[in-house]
Amino acid sequence: MSAPPPNHASARNRILGKLRAALAQAPQVQQPAAHPVSPADVAQHYASTTPDWPLAERLRRLVVAMRSVQTEVHLVRPADWPERLAQVVQAHGVKRLLMAPATPHGQQAQVALANLAAPPLTQAFDRDIEAWKASLFDTVDAGFTSVRCGIAETGSLVVWPDAQEPRTMSLVPPLHIALLDGRQVHRHLHEALTLEGWVAHGLPTNALLISGPSKTSDIQQTLAYGAHGPRALVLLLTVPEDVDLDALQASTGGHA
């Protein structure tokens, strides 16, 4: 005579019963009384925990943090970035560059690139991705985008994608070249949110925080760069005239 099949429902009930009994015997932890946190409380927290770094110090911290994660940083005066962009494109052997030619910085970039002996083919993101996905992933060498601001505390770039510079431009090409106005480097994210009025002006569908090229430590917890997304990140950081460019370069090791 064969044994009756196991009663899975009974086994489940026994296990749940033991869990409920253990929970009933566990000491009760008194939860602190909840109280609302106001924007003023958050502002006070940041004011009390973050020094009031001057612009030169914010730039220094941003560059040091980004170079520590293999970002190639170029320190240039505002009028000199187009020529430096052309040098970077040439040095990295970029033959096809994804950019936004209708933007003011895109127009300046095109003028500088045209002066190269072998200018790259520039491509605007002007069609549905499904119409040229294979070409985008297989033939584009680099993407050139603007940056909304920088975060000194974490060494991050804040990118707000739009119709002319969708997030694909900074996430798909193996090389991302980013242009940042040094006057827009904030101490921390809360300062950026506050001073730029993000809530009042409305956030984009995607706001990207970029802290170096792509990296992962999924395999044996070994940090590897370029596993997905851009394998390299180049930052063109425009340094205002009232900041000592030579001193900034000496203290950070950035390209000047």
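Predicted model: local features only at pLDDT ≥ 70, side-chain atom pairs only at ≥ 80, totals over all residues.

**Entry 1**

Residues are numbered from 1 along each chain as its sequence is written, and side-chain values use heavy atoms, with hydrogens and water left out.

Helices here are DSSP runs of H or I with at least four residues, and strands are runs of E with at least two, numbered from the N terminus. I found α4 at residues 81-91 and α5 at residues 104-114, packed at an angle of about 60 degrees with axes 8 Å apart. The axes are lines fitted to C-alpha atoms over the stretch in contact, and angles run from 0 to 180 degrees between N-to-C directions. The two helices are therefore oblique to each other; under 35 degrees would be roughly parallel, over 145 roughly antiparallel, 65 to 115 roughly perpendicular, and the rest is oblique.

Which residues make the contact? From α4 I listed W81, P82, E83, L85, A86 and V89, and from α5 H105, Q108, A109, A112 and L113, contact meaning heavy atoms within 4.5 Å.

**Entry 2: the buried side of α4**

In α4, I noted W81, P82, R84, L85, A86, V88 and V89 as buried. The buried residues of α4 pack against α5 and several strands, including β1 (71-76) and β2 (96-99). Just after α4, G93 takes a positive phi of about 65 degrees.

**Entry 3: aromatic pairs**

How many aromatic pairs does the structure hold? I counted three, taking rings of Phe, Tyr and Trp (its six-membered ring) with centres within 6.5 Å; planes under 30 degrees apart are stacked, over 60 edge-to-face, and the rest tilted.

One of them is F125 with W132, edge-to-face at 5.4 Å centre to centre and 70 degrees between the planes. F125 is buried at 15% relative accessibility, and W132 is buried at 4%.

Another joins W160 and W198, with centres 5.2 Å apart and planes at 65 degrees, so I filed that pair as edge-to-face. W160 sits in the loop between β6 (156-159) and α7 (168-171), and W198 in helix α9 (residues 198-201), 38 residues apart.

Methods
Buried < 20%, exposed > 50% of the residue type's maximum accessible area, 1.4 Å probe, protein only.
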